[in-house]
Amino acid sequence: MDTQGLYHLFQATFQPDANVRIQAELKLKQLEGTQGTLLQSMQIIGAEESELHVRQAASIYFKNAIRRYWFETESTPAHLKITEADKDAVKASIIQLLASSPPVIRAQLITVLGVILSNDFPAKYPGYLATVQTLLQSQDPKIVFVGLLALKEVLRVYKFKVEDREPVDEIIATFFPAIQQIGAGLIGSDNIEAAEMLKVIFKCYHYTIQIDLSERQQDSSSLVPWGTLFIQMVEKPVPTEGLPTDLEELEKHPWWKAKRWAYQCLNRLYTRYGNPPALTSESKFKAFAKSFVVNFAPNILTAYLKQVELWVAKAAWLSPRVLCLIGNFLEETVKDKGIWSIMKPHSETLITHFVFPQLCFTAADEELWVDEPVEYVHSKIDMLEDFTSPSTAALNFLMVMARYRQNAFMQVLALANSILQKYNDSPVEARNAREKDGALVMVGSLSSLILRKKSLAKMMEPFFVNHVFPEFKSQHPFLRARACEMINQFSDLDFEDPNNIAIAFTSLMESLRDTELPVKVTAALALRPMIRHEAICEAMKPHLQFIMHELLAMTNQIDVDTLADVMDEFVEVFAQDLAPFAVQLCEQLRDTFLRICEDMAKGTDGLDDVSDSAIDEASDKTMAAMGVLKTMGTLIISLESTPEVLNQLELAILPVIQFTLQNAIIDLFDGVFEIIDSCTFSGKTISANMWNVFELIYKTFKESALDFMEEMFPSLDNYISYGKDVVSTNEHVQHMIYDMIETVMKSDRLGENDRVSGCKLAESLLLNCRGHVDKYVAPILALVFEHLGPEDRIQMIEFKVQAIEVVMNCLYYNAAVTLRILEENGWTQRFLSAWFSSLDKFSRVHDKKLSIVTLCSILSVPADQLPPALQNGWPTILNGILKNFEGLPLAQAKRKEMEKMYNIGSDSDDDEDDEDEGQIALESALAGDDDGVEEEWVDDEEDVFDEGHEYLEFLAQQASKTRPDDKEDDEESLYDDLEEEIYYESPLDNLDVYIVFRDTFTGLQQHNPASYNELTKATTPEQQQFIMQVLHTAEENAAKAAAEAAEAAKQ
C-alpha cells in the first residue's frame, strides 16, 4: 500500500461510523510487517501539512509496532520482524522527527525512542550521544529541549542497571556540567517552557543516582552546583500567572512537576547516600555520607522547614506529592544525631501543625467517601497508594519519631490527650469530629509501643470506654470506621472487664450491618485479629453464616484481597462450624470469582494504551480473585475428613478451574493449580471430573503454561499417586505425562529450576507405576543424560541430585534393563562417577531411602548381567548402602523436627503446652520490665539504627563472608544444602528400607554365595558389626509390622 492509502486508513480510524473504524483497524492490523509500512507511517507523522489527528493515529500505530517487534524473540513471526535496514532508517530519523513534532505526538515518539535505546544502545546506536550533544549546543530553546528529552531517555535505560554503567559515567562527565548550567540559567525564569526543561534536567540527574552515585557526583565541584540548583527550585515561589484553580490540575502543572523532581533528587541524595545511620558498614558511601550530613543535609532541612512554615501559615500551597516527599525526608532526619539536634527544637511544632492536620479526616476524604466509597476504601487500605500519600508519609514520620525519640513520644500523647479531652468537654454541637479522628489516628499508630509499656497498656481499657466505644454510635460515619480501626490496632489488648470485650464484639457486628461501605469493610478487617480472644471466638460461631455472607457481599462490591484474607482466616479457624453450609459458601465464592474474572475480561478489551487507573483496577481485581481462590483452597483442605462434602465442593469449584485454564488467565494459574492440588490431595482419589481437568491441564501446559511446571507439579504428582490405577493402564495419560517431562527437559525457555520439577515428575511416574511404563525408561534416561552427561552443564546442586535420582529410579524400577541401557550408551561410568562423588548431597530422608533401595536393586541383578564397571565394585555398593544407613537416623530426626515446626502429624497436648510456654517466654522477653519502651528509645546524642538497617547490615556481612574467588565455589555455597520437602509424599515413605536390605542381603547369602562373598570380602569388623545392627533393626521392624497387621485384622 502506498503512503496515501495508509494516510486514508489512519484518517478512517477517527470516523464516527463504527463499521468504518473497525474495517480500518483490521486493515492496519493486516499491514503489520508489510515492507515499507513502518517508514511510511514515519513520513505521515513528520508531514506538518497533514491533519493532526491523522499524524497522532500514525504515531500510535508506529509506537505499537516498535514496542512489539523491535526486539525479536523466539515467538516473533518472521514476517513481523523489522529488517535491519528499516531499523537503521528509524534510528536515523527519530531525533529529527521528535524535534519537528507537536507535544501530543512527541509523547508517542519518546516511548519509541526509549524502546530503541533499551535494545540498541550503545553497541547498535554508536552516534547517538554525538547527536544529543549537537542538539544541546543549539541556540534554539526548542531544539535544546528535544536534546534534554533525548538525554533523559538514554539515562532511563540505566536507571536500574547495576552493571555496565560506563556510558553513564561518560554522560555525567560530558553532559552534566552543561545541563546544570542550562538549569541555572532557567531557574530565574517564570515561563512554562523553563519549567518543562528544568523538570527534564532534574529527571536526568535522578536517573543517574537511582542505583549509584558516581565519584564525580560525590565531588563538591559537582555536588555544590547541583545541590544549589535543587534548593533554589525548592525555595522558588511558583509563578501565579496562568495557574489552574483546580488542585488536581495544579499538581500536574509543569512548575510543580519540576519542584517535585528537585525534592526527589535531594531526598535520594540524603536517604540513599548521605545519611550515615542508614548505610551498612560495607557501604562505599560512608566517607561521602559523613561529609554530606555535616555540610549539606542541614541546608536541605532548613529549606524544607521553611516550606513547611509557609504551608502551615497558609502563605504557600504544597502539592500532595511534595508534602509526601517532605514527610519522607523528615522521617530520615530522626536517625542521624547531628540532623536530629537541628530538628528536635521543631518536633512539637511539626507534630502539631504539620503532621496532625494531615491525619484528620479532610473535606477531600469526605467527598471521596460520599461520591466513590469503593475508591475511598482502596485509598485507605491499598499499600501501593501509601508510597505517594502525604498523610502516610506524615504518619510514618510521627511513628519513627515516637519509636526512637522519647520527647516526641510524649509530645504525641500529650497532643492526642488534649484534643480528646477538649472534644469530651465541649458541647455536642461544638465538637470537632475531624480533629478527634486525627487524634485517634495518632494513638492507633502507636498501639504496639503503648501495649509494650504496661503502665500505658493498663490505661487503654478506660481509654476505649471513654473515647472509642461511644463513636460506634457516632453520627459521623468516618468516626464509626475509626472506632473499628482502633479495635483492630489494639486487638492484642486484654480487657479485664468481660463486658468491654463483649461491647467490642457487639459493636463490630453492628458495624458489619452499617449502611456505609467503608465502615463495613473496616469492621470486617477488625474481626479477623479478634479471633484470638476465646470469648469472641465462641461468640462468633452463631453468626458465622451472616459474617461470611457479608464478606462475600463486600467482595462483590469492592475488589480488595484483604477481605479475601479475612474469609480465608475464618474458613481455616471455623472449618467444622462452616461444614453444614460449606457447599453453599463455595458456590458463592465461585460466583464471586467468576464475576471478578468477567470484569477483568471487560477491562482488557480495547486499546493497547491503558491508563494507570485502569492498570491499578485490573491489579486490584487480580489480587481479589487470587484471594478468593486461596479461600476456596483453604475450605477444601479444612474439610479433608469429610469426603461426601469434598465431592460436592469439587463440583462447585470445577467451573473456576475450567474458566481460568480455558481463558489462559496466566495471573491466576498459580492459585488455580493450588486449587487442583487441594482437590486431588484432600480426596486421595481422582474423580472422573478431575481426569477431565487433567486433559485441560495438559492442553494449557502446551499452549500457555510452559513456565508453570513448578506450580503444576504438586497436582500432577497427585494425579499419578492417587490415580495410579488409571495412569498404569491408560497409555494416553502416560503419553501426556511423558510429553510434559520431555518438553520441560528440552525447552530452551526453561531453566534448571523448572527441570528439577521435570525430574520429580519422572520420578513420580517411575515410583508409582512400577512395571507399567517400561517403554518410557529409555527415553527418560536419554532426557536426563542430555544434561547429566556433558561437563559443567548442570549448575544447581538440586538439579544434579534430581537428575541422578531419575537414573536411580530407573534402576529401582528395573535394574537389569536400566544397566543394559546405560552400558549400551556409554553412560555407566559417567553415572556412577556423578552419583558416588555426590553422595554427601543426598541428605534428605527420601534421598537416602532411594539410594538404599536402588543399590539393593543392583545387588539383585545376576552377576553375569552386570556391566564390567560394577562386577568388581560390589564392596563399593555395600559401602554406599552402609553410609546411607549411617546418615538415615539423623535425616529422619531432622525431618521430624521440621514436621513438628510445621505442626504436621502431631496432635499432642504436650506439644501445645511446650508451644504455650515458648510463647509466654517470647512475650516476656519482648515485654521486658515496665519500662521496656524507654530501653528502645535512643539518646538524643546517638544515631538511630532501625530494624531495616540491622537487616541490611546482616545481608552485607553475609555477602562479604560468601564472596569466593572461584565461581564454582560461589555456586556451591548458593545451592549446597537441600531442605527436606516435608509435604512431598512418595511410595518410599511407607517402605521399610531395613527390611528391604535384610531381604536382599540374606537372599544373596542363601542363593548366591559367590556374590555374597564378593560383597563382604572387604568389610571391616566395624562394618560387620554395623550390618548386624541394621539386620537386627530389620527384624524388630518386621515383628512390629506383623503385630500391627494382626491387631488390625482382629478389628
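Reply: The account below begins with the helix pair, passes to the cores and ends with a well-covered helix.

This is a predicted model, in which local features need pLDDT of at least 70 and side-chain atom pairs count only at pLDDT 80 or more, whereas totals for chains, interfaces and linings use all residues. Residues are numbered from 1 along each chain as its sequence is written, and side-chain values use heavy atoms, with hydrogens and water left out.

Two packed helices are described by the angle between their axes and the distance between the axes. The pair here consists of helix H24, residues 406-425, and helix H25, residues 433-445. Helices are DSSP runs of H or I with at least four residues, numbered from the N terminus. The axes of H24 and H25 come within 9 Å and cross at roughly 145°. Such axes are lines fitted to C-alpha atoms over the stretch in contact, and the angles run from 0 to 180 degrees between N-to-C directions. The crossing of H24 and H25 is left-handed, a term used when the near helix is turned anticlockwise from the far one by less than a right angle.

Contact means heavy atoms within 4.5 Å. On the H24 side, the residues that meet H25 include Val 412, Leu 415 and Ile 419; on the H25 side, those that meet H24 include Ala 433, Ala 439 and Leu 440. By class, this contact has 11 nonpolar, no polar and 3 charged residues. Ala, Val, Leu, Ile, Met, Phe, Trp, Tyr, Cys and Pro count as nonpolar, Asp, Glu, Lys and Arg as charged, and the others, Gly among them, as polar.

A nonpolar core is a set of buried Ala, Val, Leu, Ile, Met, Phe, Trp, Tyr and Cys residues joined through side-chain atoms within 4.5 Å, where buried means under 20% relative accessible area (1.4 Å probe, protein chains only). The largest core has 342 residues, and Tyr 128, Phe 464 and Phe 570 touch the most other members. Apart from this core lies another, of 9 residues, among them Phe 361, Ala 433, Leu 479 and Ala 481.

Beyond its neighbours within four places in sequence, Phe 464 is in contact with residues including Phe 469, Met 486 and Phe 490.

Finally, helix H31, residues 517-530, is mostly covered, with 12 of its 14 residues buried. Among these buried residues are Leu 517, Lys 520, Thr 522 and Met 530.

Terms used. Buried means under 20% relative accessible area, exposed over 50%, partly exposed in between (1.4 Å probe, protein chains only). Helices (H or I, at least four residues) and strands (E, at least two) are DSSP runs, numbered from the N terminus. The expected span of a helix is 1.5 Å times one less than its number of residues.
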